[in-house]
2 protein chains.
Amino acid sequence: MAVRQDAQRADIPTPCKSCEARHHGLCRAFNASQLAELAKASSRHEVPAGTELSDRENYSIILSGVVKLTRNLSNGRQQIVGFHFAPDFLGRPFEAKKPVKAEAATKVTLCSLPRARVEQMMRKSPELSSRLLEHALDELDEARDWMAALGRKTASEKIASFLLMIARNIDPAGNCSTSFDLPLTRVEIADFLGLTFETVSRELSRLRTEGAVEIANKRHISLESVSRLEALSGD
Amino acid sequence: MAVRQDAQRADIPTPCKSCEARHHGLCRAFNASQLAELAKASSRHEVPAGTELSDRENYSIILSGVVKLTRNLSNGRQQIVGFHFAPDFLGRPFEAKKPVKAEAATKVTLCSLPRARVEQMMRKSPELSSRLLEHALDELDEARDWMAALGRKTASEKIASFLLMIARNIDPAGNCSTSFDLPLTRVEIADFLGLTFETVSRELSRLRTEGAVEIANKRHISLESVSRLEALSGD
DNA sequence: CGACCACTTGAACTATCTCAAGGACCGTGG
DNA sequence: CCACGGTCCTTGAGATAGTTCAAGTGGTCG
């Protein structure tokens, strides 16, 4: 597969050649001719934080930024049920029975690929549909991890787990960061962890007091050590 | 597709012909020749409640019973992260990074299909892999539903939601039941809802006192009305 | 400068947990 | 047949983790 890609390198569309996402996520599964076809109809956008991303017509590669997925309950209660980081993608075949709302948590850059064409390729390319299946199963594993956290972890374990998750995903290259800006407000963190924003604030302060993290400007986090945090995460 | 199935009916293996799962779940996606190939190497078992189902060599169709998926945390804490009811199936391509433990919650009847052959068919049959993808996405939607419940619902809303989920899944034919036996102990319900078993017991008693459900022999539930319970479920 | 937003911290409150006692059922062995 | 130990469940009373309400800080923007 890789051999074939290389052999056809001359055909890879110009915008894809320099794209960071080219060898990750969904795009990894496209061959040069598929890319060529898609590139014609693809387009890049940048949207500000807070934008709702409900584009049913496209699959979108996230080139930068963080997207949150939320579900709403009665009384205005909200739960964040997942995140997407670069170079992940948004979009799926089959409508969800209970749809989630996707919203830019930060400024987000996207590359949109026409849904119909992607799904047409899927029907022909086992590699592509296999890639999508793998992605769905990874998301399922993660959702189940958070079910365990929501159901059985204490507030401080939830915060430690959350910081680790961000550290492991915020770098598009896939490395675990020890220093990063939180892409979320305290309210959003609370809506993800099933807490109130006051508890989030208190527990972050506690981790700071105990020396497990440093916090600068409310949002910038430096981890004392990843293994220290893992020990606090309750797994 | 249905036409083709009918035309080849003579070729459908005998055990499949009378199988309840034949037209549901995974099996729906097999054509007659695939079924014929699989049937040679398939086998039925019945296992008692409590059996761990960690068969890496097979995909298993659940013909009857309920399977629970659990994840464990430190201090012996446990969270049930999902259920499988007949005629669902167990098994997946790609290993999970963080595996869940599958365990029979009741007596369970299974039909096992050799993993290697199923995955070989997947590589050739777009319908089959599409079916698996749809299944994975359905499970993902459900897991996210329960994330919202675990993070943001009260104990009594969780119990109401749980009873509805059981009512909607316990009948293999897919109808919503208003009268059924709980397939789980109070401890298991607690491990699913992120509560203690005492709280589960108390909240069930409260629903009984309030007339929303009847409870006979600890385990048999009759719903006063589905919509009444939906109103109590907090969605 | 004033208003606003995101955040922090304190103090009182409460939903749920923990600990504890007891009841119903069930299989086993005497 | 009954006594038993075990499992599952119920219910009460006190403890607590996390919430709610409330006040205040610091930064940003018009």
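User: Which element gives the most to the surface near DNA strand D?

Analyst: This is a predicted model, in which local features need pLDDT of at least 70, side-chain atom pairs count only at pLDDT 80 or more, and totals for chains, interfaces and linings use all residues. Residues are numbered from 1 along each chain as its sequence is written, with chains lettered from A and ligands numbered from 1 in the order in which they are written. Around DNA strand D there are 17 residues, where near means a C-beta atom, placed from the backbone, within 6 Å. Helices (H or I, at least four residues) and strands (E, at least two) are DSSP runs, numbered from the N terminus, and the most, six residues, comes from α8(B).

User: Which residues come nearest to DNA strand C?

Analyst: DNA strand C has 17 residues around it. α8(A) supplies the largest share of this surface, six residues. The nearest are T185(A), R186(A), S201(A), S205(A) and T199(B).

User: What is the strand order of the open sheet in chain A?

Analyst: The sheet has four strands with antiparallel pairing, and two strands pair if DSSP finds at least two bridges between them. Its edge strands, each pairing on one side only, are β1 (43-47) and β5 (89-90) of chain A. The order is β1-β7-β2-β5.

User: Which residue stands opposite S60(A)?

Analyst: Strand β2 (residues 58-64) of chain A pairs with β5(A) in the antiparallel sense over two bridges. In β5(A), the residue opposite S60(A) is L90(A).
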